[in-house]
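Here is a guided walk through one protein structure. Please keep the sequence and the 3D view at hand.

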Amino acid sequence: MSYFKKLLQILVTLLAALQLTACSRTVQWEEEVPLNTGEMIVVKRTGSYTFKSAPGNPLEFGYGPEWRSTIEFTYKGRRYTHTDDAGLVLLAIAPDGTPNLVASAANHDWQWKNNYFCTTPFYVQLKPDSSGKQWSWPEQIDSWLYNLPTNLIFGLVPLETSGRRLSPADRVVSNASVTVAFKHYQTIDPTHTTQSCPRRK
């Protein structure tokens, strides 16, 4: 390979890497989360925004959220990590002392991608294995979760918030546009249903 071709190949690789970096921006933040046990823990959240055209207007560009994100925390000396595009709303401690996550199963078509059938209430409960990294879900959430208040920031925080630790009061402000309109985002509503889910045959 000639010197010129090698130089050109390196230049193309560098330009591609720069383009990818410019098209995606990571957002990280910490949240103070009040648990149903009366404890307060701090969780770390990570997600990304990508440069894309606006929905309905392909000529308008900006940074939009990628819904796949990660939550990390330590509880009773054990570390837990969960990455998914489920719309997390709650971190709660089960009667057996295990942290559980609860998400709105209808967010980002999670129910269709995971073949999660219609239930009442229509949430998904995520339970960790002994490693704290693999999560599974029952066919329906446990009743001990009913009426617990939500305690996680929904979705991603704005890019300018990256690096901050957010308090429960910050969460209330961040979630206000959703919680004011939808009861099932305020608490785990035992009556919450939806028509947008797979039906059992």
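Is R164 buried, partly exposed or exposed? R164 is partly exposed, because its relative accessibility is 43%. That value, like those that follow, comes from a predicted model. R164 also has a charged partner. Its side chain forms a salt bridge with D170, and the closest N and O atoms are 3.8 Å apart. D170 is partly exposed as well, with a relative accessible area of 28%.

Now step back to the whole chain. The protein has three helices and nine strands. Read from the N terminus, the elements follow the order α-β-β-β-β-β-β-α-β-β-β-α. The protein has 201 residues, and 38% of them count as buried. Its accessible surface is about 11,500 Å². Carbon and sulfur atoms account for 55% of that surface. Contacts reach across the sequence too. Take the contacts between residues at least 6 apart in sequence: 55% of them join residues at least 24 apart.

Return to the salt bridges. The count for the structure is eight. One of them pairs E39 with K76, at 3.5 Å from N to O. This pair links distant parts of the chain, 37 residues apart. E39 sits in the loop between β1 (24–34) and β2 (40–54). K76 sits in the loop between β3 (57–75) and β4 (78–84). How accessible are the two partners? E39 is partly exposed, because its relative accessibility is 27%. K76 counts as exposed, because its value of 66% lies over the 50% cut-off. Another salt bridge joins the side chains of E72 and R79, with 3.1 Å from N to O. R79 is partly exposed at 47% relative accessibility.

Next comes S162. Find it in the loop between β8 (135–136) and β9 (165–166). S162 is partly exposed, with a relative accessible area of 33%. Which residues does S162 contact, leaving aside its neighbours within four places in sequence? They are T26, V27 and Q28. With Q28 there is a polar pair: the backbone nitrogen of Q28 lies 3.1 Å from a polar atom of the S162 side chain. R45 and S162 are 117 residues apart in sequence, yet their C-alpha atoms are 9.8 Å apart in space.

The cysteines come next. How many disulfides does a search of the whole structure find? The search finds one. It joins C118 to C197, with an S to S distance of 1.7 Å. C118 is partly exposed, with a relative accessible area of 24%. C197, in contrast, is buried at 3% relative accessibility. A further cysteine, C23, is partly exposed at 31%.

Finish with H184. It is placed in the segment after α3 (168–179). Why does H184 count as buried? Its relative accessibility is 15%, and buried means under 20%. Beyond its neighbours within four places in sequence, H184 is in contact with Y123, D189 and H192.

Key:
Residues numbered from 1 in each chain as written. Predicted model: local features only at pLDDT ≥ 70, side-chain atom pairs only at ≥ 80, totals over all residues. Heavy atoms only, no water. Helix = DSSP H or I, 4+ residues; strand = E, 2+ residues; numbered from the N terminus. Buried < 20%, exposed > 50% of the residue type's maximum accessible area, 1.4 Å probe, protein only. Contact = heavy atoms within 4.5 Å. Polar contact = N/O pair within 3.5 Å; in protein donor to acceptor, adjacent residues only side chain to side chain. Salt bridge = Lys/Arg side-chain N within 4 Å of Asp/Glu carboxyl O. Areas by Shrake-Rupley, 256 points an atom, 1.4 Å probe, with all protein chains shown as cover. Disulfide = S-S within 2.5 Å.
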